[in-house]
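Dear colleague,

Please find below the structure that I am handing over to you. My notes on it follow directly after.

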Amino acid sequence: MNTDRYEQTQRMMATAVRRLNMLEYVMLGMAAALALLGGALAAWGLQAAAGFPFRPSWFVCSLLFFIIPGGIVLGRERWARARTNESSESSQPSETNDV
């Protein structure tokens, strides 16, 4: 009886993980599409205002619109993880040989 519940819970967790993975890919695809659209609009503006060629400007702007926000999010995650590790280390009692 317990093994049935365990197997059912394991299947449900596997399904949830697959769905979350799919959601991550959908969100990543939407971010890439928005970066391409934003890059196209910025390149169009650069072409109209300063005469820059469209395709190289679109490529560079799209990369910047995708990489810069991604770098910011990655930096925040690393900072939060480091902060969490610091707080968990400081909450543990230190081993001293005080008598």
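Predicted model: local features only at pLDDT ≥ 70, side-chain atom pairs only at ≥ 80, totals over all residues.

Residues are numbered from 1 along each chain as its sequence is written, and side-chain values use heavy atoms, with hydrogens and water left out.

The protein has two helices and zero strands (DSSP runs, H or I of at least four residues for helices and E of at least two for strands, numbered from the N terminus). Its accessible surface is about 9,000 Å², with 64% belonging to carbon and sulfur atoms (Shrake-Rupley method, 1.4 Å probe). Of the 99 residues, 7% are buried (under 20% relative accessible area; exposed is over 50%, partly exposed in between).

S62 belongs to helix α2, residues 54-91. S62 has a relative accessible area of 8% and is therefore buried. Beyond its neighbours within four places in sequence, S62 is in contact with A35, L36, G39 and A40 (heavy atoms within 4.5 Å). A polar atom of the S62 side chain lies 3.4 Å from the backbone oxygen of A35.

The structure also holds one aromatic pair. The ring centres of F54 and W58 are 5.5 Å apart and the planes are at 40°, so the pair is tilted (centres within 6.5 Å; under 30 degrees is stacked, over 60 edge-to-face, the rest tilted). F54 and W58 are separated by about one helical turn, because they are four residues apart in helix α2. F54 is partly exposed at 27% relative accessible area, and W58 is partly exposed at 32%.

Yours sincerely

Conventions:
Buried < 20%, exposed > 50% of the residue type's maximum accessible area, 1.4 Å probe, protein only. Polar contact = N/O pair within 3.5 Å; in protein donor to acceptor, adjacent residues only side chain to side chain. Phe/Tyr/Trp six-rings, centres within 6.5 Å; stacked < 30°, edge-to-face > 60°.
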